[in-house]
Every structure is written in C-alpha cells, then in structure tokens.
Amino acid sequence: MKKKFKQIIHRIQNQIKRIIPGNNAAKGAALGLLITTGLFWVLYSIGKYNGLNDRWVLLFSFVFVLVVTIFGFVSRWLIKLLCSVPEFYKLALLITVPLLFFMSFDWLIPVFIVVLASLCGAAILVLKKNGFQKLTKPKKIVTVIGMVIGFGGFVGFGFLYGRVGFDLDPIINAALSVESNIQQIKAISPAGKGPYQVKTATYGSGKDLHRPEFGEEVDFKTDSVNGLAFLDNWKGFGGWWREKYWGFNPKSLPINARVWYPEGTGPFPLALIVHGNHSMQDYSDPGYKYLGELLASRGIILASVDENFINGSWSDIFGGLEKENDARGWLLLEHLKVFHEWNRTKGHLFYKKIDTANLGLIGHSRGGAAVAHAAMFNKLPFYPDDASIKFDYNYNIKSIVAIAPVDGQYEPGDSRTKIEDVSYFVLHGAQDADVSSFMGSQQYERITFTDSLYHFKSGVYVYGANHGQFNTSWGNNDTGNPFSGLLNLKQLLSAEDQQKIAKVYISSFLDITLKNNRDYLPLFVDARKGKDWLPETIYLNQFEDSNLKPVANFDEDFDVSTITQKGGKITTKNLSVWREQEIKLKWQKKGSRALFVGWNYELDNEKESIESVPDSLIASYTIHLSSTAIDSSAVLVFAMAESKETANPKSEGKWVNKNSDNNKNKDNEEDAVDTDKDEEKDDKDEPKKPIDFTIQLSDSFGQKVSFPLSTFSPLQRTIEVVIMKTGFIKDNKESEKVFQTFYFPIEQFKKINPNFMLSNIKYIKFIFDKNESGVVTIDNIGFMKSIGY
C-alpha cells in the first residue's frame, strides 16, 4: 500500500513537471512582455508628440525608458543581494524590524539599532568561535571597527537617551523685550485657595469591577445609560475584552464621577471636567484633583467624569472601539441630567445646592473636543447623525474650556462642530507631543455670538507646556510609549508650573463666566496682567468678545482690495508680499482666511540700517474706512502672527526681470533665501529681534496719530520646538502660526494728538519701518469696547 502510494505521488510530480514552463517559455514570456510594452510606449510617445508638437517629448520618452531600465537592473541586483543574505540573518531581520518599528517613534531609531546590534553580535560571535589571533589581518581590522562602532554607538545612544534633552536656539520673549507699564490685575490670585472648606464624594453604578469608589464604596448610585447609538465597533476581540474587563456593554454605560464641592448651602455653579484618550486601564479621572480642590474652595462644584471605559486599549490593535468622540460629549449631558435631578430631590446632598443657571464644561485632549460636542448637542432637538434619537437637554451651559483638544475626530453631519453664544477658552502647549498642532484654534474660529448677552472666546498658547502634565496621572510622557527618553524634555516646564498655569486661567475663566466676576478679563488679552501669578515663559493670547465690530476679517471674498466693512478699500505701497489666504496649521487648516503682508529693503547690514531707507520706499498697508462710529471707550484690536516664508518671493521664477543682466539675476537669486539669513549671518546663536512697526490713524480732517506696535508689545517671533531627540539629528524644528491679539485703547490716542477726532477715523495704516524685512499674518481687525485693561 505504501509502495503504491509513492508511485501515485511520483506520477503526479512527473505530470506537474511536464506543465511547468521551462527556460525557453520564461524567456519567451519576458520577450513578449518587453516587446508588447515597447510597442505601446512608442505609440504613446508618438501620440503625445502629435498632441503637443514638441520634439523634446520624444527625447524625454527615450530618457524615461533608459531610467526605468536602469532602475530595473538596480532593483534586480538589490533583490539578488537580499536573497544572498544568510537565511538566519534574513529571518532575524524579518522578525526584529517590524518589532523595532512598532516600539519606536521614528524610522531612524530602528535603522540605528539594526546596524549597531548587527555589528556587536557579529563581532562577539566571530571572536568566540575563532579567537582574535586566528583572524586574518583584514578581518581583525573589520572586527575591531565593527566593535567600536557597535558598542560605541550603543554607549552614545544610552548617553543621549539618559539626557533630558538639548538646548534650542535662544528665543526672545517679545512681551518682555520692551519696557511697559502693564499693571498687575488688582485682585487676589485666581489660583489661590478660596474661603470654602472642600468636601468630596463619588457617584456611579456601584458595580465597578476595579475601583471601589465607583463600586461598593460609592456614595451615590446612578443608573446606567444606553450609548449604543454613539459608539462604533464595540465588537470583535477588542469589544469582547472591553466587556470582559469592565463587566458591561454599550447598552449599559455607567455614570461615574468624583466630585469636589464647597461646604455650604449654595447654590454653587457646577462644572464638569472630562479626560481624553489615555489607556483605559490607567485611569485618568483622578488627575484633576488639583483643579477640583481649587475650584471647590472658591465656590464652584467640580465633577471629574469617568469615561475610561471608552478609551483605547492594547486589545484594540486587533480591531476595537472607534469614532467615540460624540459619545464622550453625550455622556457629559447625561451627567448634567443626574445633577439636575439631585438638585430637585429633597434629602439629597446636592438638593438646591447647584446653581443650574451657571454651568461649565472642561475637557482635555479628546475631552476638549467632547465639551464642544456637548455644548452643541445641548441646544439640538435631535442627534444630528440619527434624528430618530431625540435630545431634550437645553441646560444653561455658559462656558467651555478645552485643554489641548483635538478637532474633527467626530464630524456631525460630516461637518465640524459649531457653537453659538457660549464662551470658549482653549489652552495649549507648544511642547505637546500628542496633539502637536494647535487644533483648538480651529474650534475657536467656529464659535459665534448672536444674542445680546456678553460672551468671549480666548486662546492661550504656552511655550514649554506639554500634553500630559495638565493631568497629574499622565505626567511628562505624551506618547504612551514607555521609552520616554526618546522625547526632548529640555524645554518642558515643570509639572507644578504647568498646573499653576491651568489653575490661574481656568479658575479665572470660570469666575468670569459662571460668577460674573470680570476682574480677571484682561488676563485673557495679556498674560502680563497676571505676571505675579504665572510662571515666566512665553504666552500668546488671542481674544475676541461679542462687542467686536470687525473692520476686516478677510473672509468675505477674494478681492484683496476690499474689506469686510462695506464701502471700505485697501491701498498699499512697496509691499513684497500681499495676499489673503487660508491659515494653515501643522496638521490641518484653521478654518479662516487672513491677510499676508511682507516687506524687504535688501539692506547691507554692515553699512546700512532701516533708518537709511527713504520714506518713499517704506512699505505700508492702509485700510480706508467708509464710516466708523467710535467713542472714547473703544479699543483698536487685531490678531497677528509671523509668517516664516521669504519676504522676497519675486527674486526668481516669473518675477525675474527679463532685461536684467546676469549679475543682477545672480544677486536676486541670493536675495531669495530666507529673510532671516542676514540677521543670523554674524552669529547663528543670536536670537532674532521681535517684529515692530508703526500704526497710524487719520481722521477726516487730516489729523493723525502714530504709535509703534510695541506700545502694546512687539510681535513674537515664531516659536519652534523639537519634540523628539531625533529631531536634532534631522534638524526637524516644528512650528505653526499662532496668533496674538493686539489691544490699543482709543483714549490713549488723544494723549498723542489732542486734535485727533476719535469719532471720525478715516484710515488705519500699518507702516513697516522698524525691521528690514519680514512677513506677518493679520486677522480680525476691528474695534471693541474696553474690558478695563
């Protein structure tokens, strides 16, 4: 039987051999493929030539075939070389390379480790098997070099890994670079402990499998809610493990939170704070205790909401929960529903203790987007993605705070969340290695004010702040990768300082919006107003309130000679850059257009200065107003950022003068480099001077007032950061346009020229007369009422 079976197999193999193509068939197939493709390429090239009537097309076609042929030979050589790699080493590469890439932040690190580990391993085994003396002289040299590079590389890698980070080029803090008479706000620090004793409580399902504070030790039990409509992909292995770990499914999500509240009868304003997407097993909700204790002592109830059960998990690598950000926002409204019920329930701890007319939401990371979703859902009658789900919330949410938020992970109706008549504050760090783009500035653009009440929106961008240190349980590692030594932490603020910034700004924001205490309002225009409360670093403040009367926001059309105000117009002189364009961030677009203007005087730094430029050559941008009713309490405002593009774009390409001689063209090409090159030529470590220029206003009688931008502050140069240590090797400095609001009270103009008519301003002119070159981005020019600055 066995013999017969072998005969059958042998016959099958013989039959297979008969039908397998031989060498002649393989060569014929190759020739057929080459000839057919060649014919098609000739026909294609002739067709392109006939269509374009350009004989160079034929040459290009020939060269292209030659390049592709060379590429084919090189590729074959590389494949052959790879196939000649010893089988065991090839297997090692196939196993280790995917693992190294999975563990690292940057492709450079796996390549580095593969080379060094291979050199070390090869040298060790050669010496062990053969001994150094038995090696030939060339092999001795190669072995020694391999050991030096391999072990030396790992020693160097360990040294670099152990360092905190590296210094960046110095940067001048523009706000502190000039003498100013900025007065500290005359109020107690918003980060100071208030008069109330702080109490704590927890509420939840009472069935939590992992935390007794929401399980058997919970103070108040709450009913679960059905979140199936707001969650995607709670299924497969990831869904199975999530349900096994938590003990519930999407139809029974718990309402869990820890609460800090002031001792007293109240009623007190209520704020909820919610974390973002951290590992679900590393619970995030305790990380805001520092805010809970502060706010409760100052008369605000704070509940830190538990949404860990919809956070990411290692099990999601096999497919798991996604598109959950709308669920995060919806759950916040369900928490507010519970508080409203308790506020009406006699005998409950929170009976009549909550001021339901003053509610705020705070969110961090994905939670920062969730609070915006919640604020929008709050005013809707139906869930925008499924109108079979009715909403009936309509709570008095007065304000929302977003800490390092994402934007666009959930898009209601395939659009972005828009909010009306809710005050908004966004806080973001330049050293954020998680949400490294200032995405909250996108939501900032989509906040509008339509009713008669006072609202404002503000953004604060902090040099040295990261993502995680706003939550005490997250720390200085923004990546979730345990190899935190790969991060550059040299420029990072301490956790204490970063949390102090959060306390100052969040506490003051809630005091303004929930307690109507406007003493702290100037802090959101200018961090220097709270200089005694805040750590020293660079703060970029952006501010807009419901009193703003825009003159030019550059969103109205594509005509650069017109402005938002009807009847107004633009004139310019000597600008090297002038356009209106969408504002781009690192990751996406900001959602708003702005003005880009630049100037370049091509000075010889050794012989000339800006003062030597004739007035007739000075660049300017003038906004002519049709009619503007302004009283003495008004303030001129605009937002501005530096643009790092060249200030001399017309020195090459289509802009070169065809009649210029060769030397002139050569000079132009040199001038086309980065405008900051001359400033850095003498000393690369010399920080760039902040940008300053003159602002001039004229009334209809020709009376003028002129003052420098630095009356408020010169413009901060673009903040550059290096997030990963490998960024220093690759010279990868990250930056983006972050706007700063400039604030000029009209009443100060009278001091400059008493004859100037405040009620009849005819134009606003920006005169670029203090830096030899630069490009700036300007937005939201207008007038607003004074905020008591």
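Which helices each supply at least two residues of the lining of the largest pocket? The answer is given under the first heading, and the whole report concerns a predicted model.

## The largest pocket

Helix H4 (87-103) and helix H15 (726-729) each contribute at least two residues to the lining of the largest pocket. The space in this pocket amounts to about 1,100 Å³. Its lining comprises 39 residues, and those closest to the centre are Asp-434, Asp-478, Thr-479, Gly-480 and Asn-481.

## Enclosed cavities

Rolling a probe the size of a water molecule over the atoms shows where empty space is left. The largest cavity holds about 100 Å³ of space.

A total of 14 residues line the largest cavity, and Leu-540, Arg-717, Thr-718, Ile-719 and Val-738 are the ones nearest its centre. Strand E20 (residues 634-642) provides the largest share of that lining, with three residues.

## Nonpolar cores

In soluble globular proteins, nonpolar side chains tend to be buried together. The largest nonpolar core of this model contains 97 residues. Within this core, the residues with the most contacts are Tyr-621, Phe-638, Ile-695, Leu-697, Phe-744, Phe-766 and Phe-768. Helix H12 (residues 495-515) supplies the largest share of the core, namely nine residues. There is also a second, separate core of 79 residues, whose members include Val-259, Phe-377, Ala-402 and Ile-719.

When its neighbours within four places in sequence are set aside, Phe-744 is in contact with Val-635, Leu-636, Phe-638, Ile-695, Phe-707, Pro-708, Leu-709, Thr-711, Phe-712 and Phe-749.

## An enclosed helix

Helix H8 (residues 289-297) is largely enclosed by the rest of the structure, because seven of its nine residues are buried. The buried residues are Tyr-290, Leu-291, Gly-292, Leu-294, Leu-295, Ala-296 and Ser-297. They pack against strand E1 (198-204), strand E3 (256-262), strand E4 (268-274), E5 and H12. After H8 comes Gly-299, which has a positive phi near 90 degrees.

## Aromatic pairs and clusters

Across the whole structure, a search finds 57 aromatic pairs. One of them joins Trp-246 and Phe-309, whose ring centres are 6.4 Å apart and whose planes stand at 85 degrees, so this pair is edge-to-face. Trp-246 belongs to helix H7 (residues 236-246), whereas Phe-309 lies in the loop between strand E5 (301-306) and helix H9 (325-344), so the pair ties together parts that are 63 residues apart in sequence. Both partners are buried: Trp-246 has a relative accessible area of 3%, and Phe-309 has one of 0%.

A further pair is formed by Tyr-393 and Tyr-395; their ring centres are 5.9 Å apart and their planes are at 50 degrees, so this pair is tilted. Tyr-393 is buried, with a relative accessible area of 9%, and Tyr-395 is buried as well, with a value of 13%.

One aromatic cluster consists of Trp-234, Phe-237, Trp-240, Trp-241, Tyr-245, Trp-246, Phe-248, Tyr-283, Phe-309 and Trp-314. Tyr-283 also has the charged end of Arg-211 over its ring, 4.3 Å from the ring centre. Elsewhere, the charged end of Arg-579 sits over the ring of Phe-596, at 4.4 Å from its centre.

## Backbone features

Most residues other than glycine have a negative phi, and most peptide bonds are trans. The peptide bond from Gly-266 to Pro-267, however, is cis, with omega near 0 degrees. Pro-267 is located in the loop between E3 and E4.

Asn-233 is not a glycine, yet its phi is positive, at about 70 degrees. This residue is placed in the loop between strand E2 (220-221) and H7, and Asn-233 is partly exposed, with a relative accessible area of 24%. Ser-365 likewise has a positive phi, near 60 degrees. Ser-365 occurs in the loop between strand E6 (354-364) and helix H10 (366-377); it is buried, with a relative accessible area of 5%.

Notes
Residues numbered from 1 in each chain as written. Predicted model: local features only at pLDDT ≥ 70, side-chain atom pairs only at ≥ 80, totals over all residues. Heavy atoms only, no water. Core = buried A, V, L, I, M, F, W, Y, C linked by side-chain atoms within 4.5 Å. Buried < 20%, exposed > 50% of the residue type's maximum accessible area, 1.4 Å probe, protein only. Helix = DSSP H or I, 4+ residues; strand = E, 2+ residues; numbered from the N terminus. Contact = heavy atoms within 4.5 Å. Phe/Tyr/Trp six-rings, centres within 6.5 Å; stacked < 30°, edge-to-face > 60°. Lys NZ or Arg CZ within 6 Å of the ring centre and 35° of its normal. 1 Å grid on protein atoms, 1.4 Å probe; cavity = no way out; pocket = protein on both sides within 12 Å on 5 of 7 lines; lining within 4 Å. Points joined across faces, edges and corners; volume = space filled by probe spheres on them.
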